[in-house]
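I opened this model to look up how its parts pack, and kept notes as I went.

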Amino acid sequence: MLMAHPAVLRELIEQYEALRVLQAENGGEEARRRMDDLAYTLCVSTGTRDVDAALIAARHQLPGARPEDDSVLSA
């Protein structure tokens, strides 16, 4: 599987989280569509099917992540 560059993943995470706050505050349709696009891109970039799993996987691929600590992956 191809892996996204950490800088790309960081940017996707930041954009998604900012839009999540905006969506919670304003509930705009444009923000919702952009969130859906970002969720899809995160899933494709991390090989996952769920945005929450994609966010976890993306964070684990960032520099400084501790790969030996997978406690956040337990469901």
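**Entry 1: Asp37**

In which helix is the place of Asp37? I looked it up: Asp37 sits in helix H2. I am working from a predicted model throughout. I next checked how open the residue is, and Asp37 has a relative accessibility of 44%. Asp37 therefore counts as partly exposed, since that class takes in what lies between under 20% and over 50%.

**Entry 2: the whole chain**

I stepped back to the overall layout. The protein has 3 helices and 0 strands, and I read its pattern along the sequence as α-α-α. Of its 75 residues, 27% count as buried. I then looked at contacts between residues at least 6 apart in sequence, and 45% of these join residues at least 24 apart.

**Entry 3: H1 against H2**

I took the helix pairs in turn. I note that two packed helices are described by the angle between their axes and the distance between the axes. For H1, residues 6-26, and H2, residues 29-46, the axes come within 9 Å and cross at roughly 150°. That angle makes H1 roughly antiparallel to H2, because the cut-off for this class is over 145 degrees. The crossing of H1 past H2 is left-handed.

I listed the residues that meet. On the H1 side they are Leu9, Leu12, Ile13, Gln15, Tyr16, Leu19, Arg20, Leu22 and Gln23. On the H2 side they are Ala31, Arg32, Arg34, Met35, Leu38, Ala39, Thr41, Leu42, Ser45 and Thr46. Sorted by class, the residues of this contact come to 11 nonpolar, 5 polar and 3 charged.

**Entry 4: Ala31**

I picked one residue from that contact. Is Ala31 buried or exposed? Ala31, in helix H2, has a relative accessible area of 9% and so is buried. Leaving aside neighbours within four places in sequence, I found Ala31 in contact with Leu19, Leu22 and Gln23. I also took the distance from Ala31 to Arg20: C-alpha to C-alpha they are 8.2 Å apart, and in sequence 11 residues apart.

**Entry 5: H1 against H3**

The axes of H1 and H3 come within 10 Å and cross at roughly 140°. H1 is therefore oblique to H3. I noted this crossing as left-handed. H1 brings Leu9, Ile13, Tyr16, Glu17 and Arg20 to the contact, and H3 brings Val51, Leu55, Ala58 and Arg59. By class, I have 6 nonpolar, no polar and 3 charged residues in the contact of H1 with H3.

**Entry 6: H2 against H3**

The axes of H2 and H3 come within 9 Å and cross at roughly 55°. These two helices are therefore oblique to each other. Their crossing is left-handed. I listed Ala39, Leu42, Cys43 and Thr46 from H2, and Val51, Ala54, Leu55, Ala57 and Ala58 from H3. The contact of H2 with H3 has 8 nonpolar residues, 1 polar and no charged.

As background, an α-helix has 3.6 residues a turn, so residues three or four places apart point the same way.

**Entry 7: Ala57**

I ended with one residue of that face. Ala57 is in helix H3. Ala57 is buried, because its relative accessible area is 17% and the cut-off is under 20%. What does Ala57 touch, not counting residues up to four places away in sequence? I found Thr46 and Thr48. Thr46 is also listed on the H2 side of the contact with H3. Last, I took the C-alpha separation of Ala57 and Cys43: 9.1 Å, for residues 14 apart along the chain.

Definitions and conventions:
Residues are numbered from 1 along each chain as its sequence is written. This is a predicted model: local features need pLDDT of at least 70, side-chain atom pairs count only at pLDDT 80 or more; totals for chains, interfaces and linings use all residues. Side-chain values use heavy atoms; hydrogens and water are left out. Axes are lines fitted to C-alpha atoms, for helices over the stretch in contact, and angles run from 0 to 180 degrees between N-to-C directions. Helices (H or I, at least four residues) and strands (E, at least two) are DSSP runs, numbered from the N terminus. Angles under 35 degrees count as roughly parallel, over 145 as roughly antiparallel, 65 to 115 as roughly perpendicular and the rest as oblique. A crossing is left-handed if the near helix is turned anticlockwise from the far one by less than a right angle, and right-handed if clockwise. Contact means heavy atoms within 4.5 Å. Ala, Val, Leu, Ile, Met, Phe, Trp, Tyr, Cys and Pro count as nonpolar, Asp, Glu, Lys and Arg as charged, and the others, Gly among them, as polar. Buried means under 20% relative accessible area, exposed over 50%, partly exposed in between (1.4 Å probe, protein chains only).
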